[in-house]
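Q: Could we go through this model together, one element at a time?
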Amino acid sequence: MKVIHTADLHLGFLTFREENYERFKPLSFAIDYSISHNAQLFIIAGDLFEARDPSSSLEMGFAREVKRLTQAGIEVLIVTGNHDGPPNPERNIHLDVYRMLAVEGVRISKKMEYIRIGDLNILTIPYPFKRNLLAKEEFREKSEVEAGIIMNQKIIEGLNQLLPEIDKTLPAILVAHLPLSEGVVGEEAYSSFTVDTPISVEEIDRKEFSYIALGHFHKRQILTSKKFGHPFVYAGSIDRINFGEEMDDKGFYDIDIDESSKSISFSFVKNPYSRNFLTINLKNESALENIDFDKVKESIVRVIVSGDFSDEKKLKNIIEKVSNVALAFTGIEDRRTMYEQAFKSTFKVTISPQEAIERYLDSKDDPFIKEKKEEILRRAIEILSNVEKKEQ
Ligand SMILES: [Mn+2]
């Protein structure tokens, strides 16, 4: 059985409003791959949309991609992440539409549960919201840290309760949207405002699992449990969100599971359509000749100037060309302090909406704004995520 493991799509994440960027391209590529490789199951391990209430054009675009999977006979499993909500599992979320309409071949898991798809046992752990726990009378007095610890205990209890449902003659996997204490946090730290209480690999590993499909950390990584040697795999985000991910490969995992022997093999598939970030370091004259303008054209670009240049005009012309060709140009960092201000002001620079709001808030000398900055920023980003540049 072939399974595709994706996570953290964050559809609708705002970067620099770059023109010509097709937001569904990375997902479409993963789906084309699944169809052409005869996958039977397509997993999204949480954080589908950046916003909790995505715009209808984003939802339509996603539905169009899901339909391509179901029409090809590929089952779809979505386990909710912290961006998908809800803090209260009884409350409806946008993905419930798929359940309400009983879309065949699409499963949404927003609570821990056992699911059987074909010859595969699946246990799920959607992102656990502490707010849900703190709302209960008995836990109301607990601190966030205490609530996190209780939450993790509940995950372990939940797992142990679900384990007997596994058909032991067949392979089993776990799909979870969780922070693991052994893992490396990626650039999502800049887009998430939730405070996590990580749980350890050993605490959730069970002998029955062959593969643990994870979402939440945007940095792709494979952790191994000491207990049974099982692979705990973060597929990583499908797209890059800032310069911190410039060098990271983005993509998804292709897993082959043998039903009779329960053995698995898996490999990473690089997604060529992930948004590119490019830093151009201008350290010397020869750096000016070696700019890859094909790459510039398809990237969000920044320039760092640090060396000595005999022809200042030539330097300026080249940076000007870069700024015109780039998908989006975010600015120049001139480390030769003597030129700094005059140099920068001659170029048109794009900053992200988040950055613009943050700069605006920082410029205000208002105690209310100072105190509520994080909250205002979070709400503003949520609103902006729902504003579409162009209807599709
Ligand atoms: Mn997440």
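This is a predicted model: local features need pLDDT of at least 70, side-chain atom pairs count only at pLDDT 80 or more; totals for chains, interfaces and linings use all residues.

Q: Let us take helix 2. What span should its 16 residues have?
A: Helix 2 covers residues 56-71, and at 1.5 Å a residue it should span 22 Å; its end C-alpha atoms are 22 Å apart, which agrees. The expected span is 1.5 Å times one less than the number of residues.

Q: Which residues of helix 2 are buried?
A: L58, F62, V66 and L69 are buried. They cover an arc of only 65° around the axis, which puts them on the same side of helix 2. The arc is that of the directions from the helix axis to the C-beta atoms. A residue counts as buried if 20 or more other C-beta atoms lie within 10 Å of its own, as exposed if 12 or fewer do, and as partly exposed in between, with C-beta atoms placed from the backbone.

Q: Why would residues spaced like that point the same way?
A: An α-helix has 3.6 residues a turn, so residues three or four places apart point the same way.

Q: What is on the face turned away from the buried side?
A: That face of helix 2 carries the exposed residues M60, R64 and Q71.

Q: What do the buried residues of helix 2 pack against?
A: They pack against helix 1 (25-36), strand 2 (41-44), strand 3 (75-79) and strand 4 (106-109). Contact here requires that the C-beta atoms of two residues, placed from the backbone, lie within 7 Å.

Q: At what angle do helix 1 and helix 2 pack?
A: The angle is about 5°, and their axes are 10 Å apart. Helix 1 and helix 2 are therefore roughly parallel to each other, a label given to angles under 35 degrees, with over 145 counting as roughly antiparallel, 65 to 115 as roughly perpendicular and the rest as oblique. On the side of helix 1 the contact is made by L27, S28, I31 and S34, and on the side of helix 2 by E65, R68 and L69. Axes are lines fitted to C-alpha atoms, for helices over the stretch in contact, and angles run from 0 to 180 degrees between N-to-C directions.

Q: What follows helix 2?
A: G73 does, with a positive phi near 80°.

Q: Now strand 3. How many of its residues are buried?
A: 5 of the 5 are buried, so strand 3 is largely enclosed by the rest of the structure. E75, L77 and V79 lie on one side, with V76 and I78 on the other.

Q: How does strand 3 pair with strand 2?
A: The two run parallel and are joined by 4 bridges, with I43 opposite L77. Two strands pair if DSSP finds at least two bridges between them.

Q: And what about strand 1?
A: In strand 1 (residues 2-6), 4 of the 5 residues are buried, so it is largely enclosed by the rest of the structure. Strand 1 runs parallel to strand 2 over 4 bridges, and I4 has F42 as its bridge partner there. With strand 11 (residues 251-257), strand 1 pairs in the antiparallel sense over 4 bridges; K2 stands opposite D256.

Q: What is the strand order in the sheet of 6 strands?
A: The order of this open sheet is 5-6-7-8-10-9, with mixed pairing. Strand 5 (113-117) and strand 9 (221-224) stand at the edges with a single partner strand each, so one side of each is left without a neighbour in the sheet. Neighbouring strands are turned by 25° against each other on average, direction ignored.

Q: Lastly, where is D8 found?
A: D8 is in the loop between strand 1 and helix 1. D8 is buried, with 31 other C-beta atoms within 10 Å. D8 and H216 are 208 residues apart in sequence, yet 6.5 Å apart in space, C-alpha to C-alpha. Leaving out residues up to four places away in sequence, D8 touches G46, D47, G215, H218, G236, S237 and I238.

Definitions and conventions:
Residues are numbered from 1 along each chain as its sequence is written.
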